[in-house]
Amino acid sequence: MLTNNKNVLTWVDQMVALCKPAKVVWIDGSEEQLNALRDEAVSTGEMERLNPDKLPGCLLHRTDPTDVARVEDRTFICSRTKDNAGPTNNWKDPKEMWAILGPMYDGVMAGKTMYVIPYSMGPIGSKMSKVGVEVTDSIYVVLNMDIMTRMGKDAFVQLGDTSNDFVRGLHAKADLDPEKRYICHFPEENWICSINSGYGGNVLLGKKCFALRIASYQGKNEGWMAEHMLILGIENPQGEVKYICAAFPSACGKTNLAMLIPPEVYKKQGYKVWTVGDDIAWLRQGDDGRLWAINPENGFFGVAPGTNLKSNPNALHTTERDTIFTNVAHNLDDNTVWWEGLDKNPPKHAVDWKGNPWDGTTSTEKGAHPNSRFTAPARNCPCISKEFNNPQGVPISAIVFGGRRAKTAPLVYQAFDWAHGVFVGSIMASETTAAAAGAVGVVRRDPMAMLPFCGYNMGDYFGHWLEMGEKLGDKAPKIFNVNWFRTDDEGHFIWPGFGDNMRVLMWILDRCEGKADAVETAIGYEPKPEDINIEGLDIDLDTVKGLLNVDAALWKEDAKSIEEFYAKFGDRLPAKLREELDGLKARLDK
Ligand code: GTP
Ligand code: SPV
Ligand code: MN
C-alpha cells in the first residue's frame, strides 16, 4: 500500500469486495514495476514490442474491432436530477444506474489482477492539480496512464493523508460487450465508472471523464474552467511569448495546431512556437487578474492518420520512443507501424488494425483505423514549452474557437466582446469525425467543442462562461473563431492549413495587442484580407477574400438552427445569449 489515506484505503477495499480480483497491485510508478508490466503484456499478446532500434520502448496494441472510439450514446451524466445533466447529456438516476452497474461489476475481476493507479492531473505541487485513483483490470490502461498523467506514489503525496478530494475511477474490461458498455459519471460523488471497453477516452479515466466531465462541474462550483483546448505559445524575435488556447472538436486539429512549425516567412524572422497542451486546458484567474492555463495531462493521445513529416513533424518525432500505438497497421518487414497519410509507401507485409494479414500495396481496406492513436510522453516533444511543468501555468492572451465547416464559417473572425465571444463559442458547429462512434461528416452544434464533455447542464455552463468574463473584466482574453476547413466546389480544402495556420494566429495576436485593423461585419470583426500574410503561399488575395466571405443567406439559415438548439435549454439558457442571437439576426437583416 502506498498511502495511509483512509478515504482511499476504504474505497479500494470496497472496490476489491465488489470486483473480487485474485490479486491487487498498487502502481507506484517505478520503472521496475512498469517494465514487469510491459513484459507481462507482451508475453500474453496484449501488446507487441516494436523494433528496438527504430522505435525504442514502443508498443503496439489492437483493441477489439467493436471498441475503437468514444461511445457518446453509452456515456451518462448521473447527476441527482435530470435537469442538472441538462438536455445535451444522457442521464440516468444515480440509484438506477448503480442497479445496472452493481451486478455487472460483481465478481468482474475474478481470477484477474486489479491495478490501483494513483495519478495527478496537473503538475505535482500545483494548486491547480487534482488527484484521481483509477482501479482497472487492464495493463494497457496502466501503461497509458503512465504516459498521460503524473502516475504513481507522488500523486498520493499530492493528495495528502487525510483529504477526500480525489476522483474515484472504476474500470473493468469485462467481456467488451458493446451492448453492455457504459461510461458513467457521478459528478456530485466524484465518481466515474467504465465497463466493457478497452479504448482510449472510454478507459483512461483521467482524460475526458475526469479532466473534462468531472472537472467542468468542479470548475463551475470552484470558479475555474475545464476546457477541450490546446495551449500554445508564440515566441517573437524579441523572446516574448504570448499564449493562445483553442477549442476545436475531436479530430479537428488541436494536436496539429499545438505543435505547428512556423512558415518560412516567420521562421526567418525568429518566431518560434511552443506546445503547452494539445487537448485539455484548466483555466483560472491568477492573482494578477488575468486568465492562466495549465495542461492537466502529461502526454498526447493523438490521432495517427494524417500525421506525417510534412503535416506534423513534431508529433511524429514525439512518437519515436516510449510510445504506445493503438489500432495502427503493423509493418512486419521491419516491425514498425504505418497509417494512412504517413507516407506514400504502405507496407506489403503487414497486419491491419483488425489483426488480419494486410498488403498495403494492393488492399482497398484501410491499414489503420481512422481513429487509431499514439500515446506519447510530452517530454519527447521537440517543441514542448519550458513552462509545461510550471505549477502557475501560462497567461492567456486569446481564446480561439473553431470547427470543421465546409461553408458558413469564415477563416477567422473576432467577437465584439467577451459576452459575444461566449455566444460565438455556444453556436459552434462542426462535422462529426471518427473520434466518436457513429456517422462521420454530419454537421452538429458542438458548443466550445464541449458537447460530449460537459459534465452538467450546458445552459449553466454558458452562464459560468459569462460569469468568468465578468470576473476577468478588461483583463479577459480576446475571443476569436477560426475555420481551416472551408472547401471549394470540388470539396477540396481552400486554406492550406497546418503550419500556415500561424498566419491567422499572427493576426489574432496583433488584434490582442491593438496592432491590427479590422472590418466590422454582421458576425464580428474580420481581418482586412491584406492583413493575412500570404507571402510564400500559392493562394492570392482574392482567395483570402473568399475565405473571409460572410454569406448572409447561409447565416440566416444558421440563425434558425441556433434558435432551435437554444430552445432545448429552456430557461436554463442565459438571457444574455438570447440577446446576442437577436443582435446577430438584426445585423444580418441590415
Ligand atoms: P482529438 O485528439 O480527437 O481531440 O483531435 P485533435 O483536435 O487534436 O485533431 P488533430 O490535430 O489530431 O487532427 C485531426 C485530423 O485533422 C488529422 O487527420 C489532421 O491531419 C487534420 N487536420 C489538422 N489540422 C488541419 C488543417 O489545418 N487543415 C486540414 N485540412 N486538416 C487538418
Ligand atoms: C477526443 O475524442 O477528443 C480525444 C480522444 O481526444 S479520446 O481520449 O478517446 O476522447
Ligand atoms: Mn480531444
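Predicted model: local features only at pLDDT ≥ 70, side-chain atom pairs only at ≥ 80, totals over all residues.
Where does N335 lie, and between which two strands? N335 is placed in the loop between β19 (329–331) and β20 (336–338).

Residues are numbered from 1 along each chain as its sequence is written, chains are lettered from A and ligands numbered from 1 in the order in which they are written, and side-chain values use heavy atoms, with hydrogens and water left out.

N335 is not a glycine, yet has a positive phi of about 55 degrees. Its relative accessible area is 23%, so N335 is partly exposed. Buried means under 20% relative accessible area, exposed means over 50%, and partly exposed is in between, with a 1.4 Å probe and protein chains only. K20 also has a positive phi of about 55 degrees without being a glycine. K20 sits in the loop between α1 (6–19) and β1 (23–26) and is partly exposed, at 43%.

I turn now to the domains. The chain is divided into domain 1 (6–47 + 71–223), domain 2 (227–298 + 387–589) and domain 3 (299–380); such bounds come from an automatic or database domain assignment. The centres of domain 1 and domain 3, taken over C-alpha atoms, are separated by 28 Å. Their contact takes 10 residues from domain 1 and 12 residues from domain 3, where contact means heavy atoms within 4.5 Å.

Next, the interior. A nonpolar core is a set of buried Ala, Val, Leu, Ile, Met, Phe, Trp, Tyr and Cys residues joined through side-chain atoms within 4.5 Å. The largest such core has 95 residues, and W282, F401 and W465 have the most contacts inside it. Helix α5 (residues 139–148) gives the most to this core, with 8 residues. At least three residues come from each of domain 1 and domain 2. Leaving aside neighbours within four places in sequence, W465 is in contact with several residues, among them M225, F401 and W418. A second, separate core of 38 residues includes L232, L260, W484 and I534.

What of the manganese ion (ligand 3)? Which residues are its protein donors? They are K208 (NZ), H228 (NE2) and D279 (OD), lying 2.1 to 2.4 Å from the ion. Donors are N, O and S atoms within 2.8 Å of the metal (3.2 Å for Na, K and Ca); water is not among the atoms, so sites may look incomplete. In sequence, the donor residues are spaced K-x19-H-x50-D. K208 lies in helix α8 (residues 206–222) and D279 in the loop between β14 (272–277) and β15 (281–285), so this pair ties together parts that are 71 residues apart in sequence. K208 is buried at 6%, and D279 is buried at 8%.

Finally, the cysteines. How many disulfides does a search of the whole structure find? The search finds 0, a disulfide being a pair of cysteine sulfur atoms within 2.5 Å. The sulfur of C184 is 4.7 Å from the closest cysteine sulfur, in C78, and this is too far for a bond. C184 is buried, at 0% relative accessibility.

Technical notes
Helix = DSSP H or I, 4+ residues; strand = E, 2+ residues; numbered from the N terminus.
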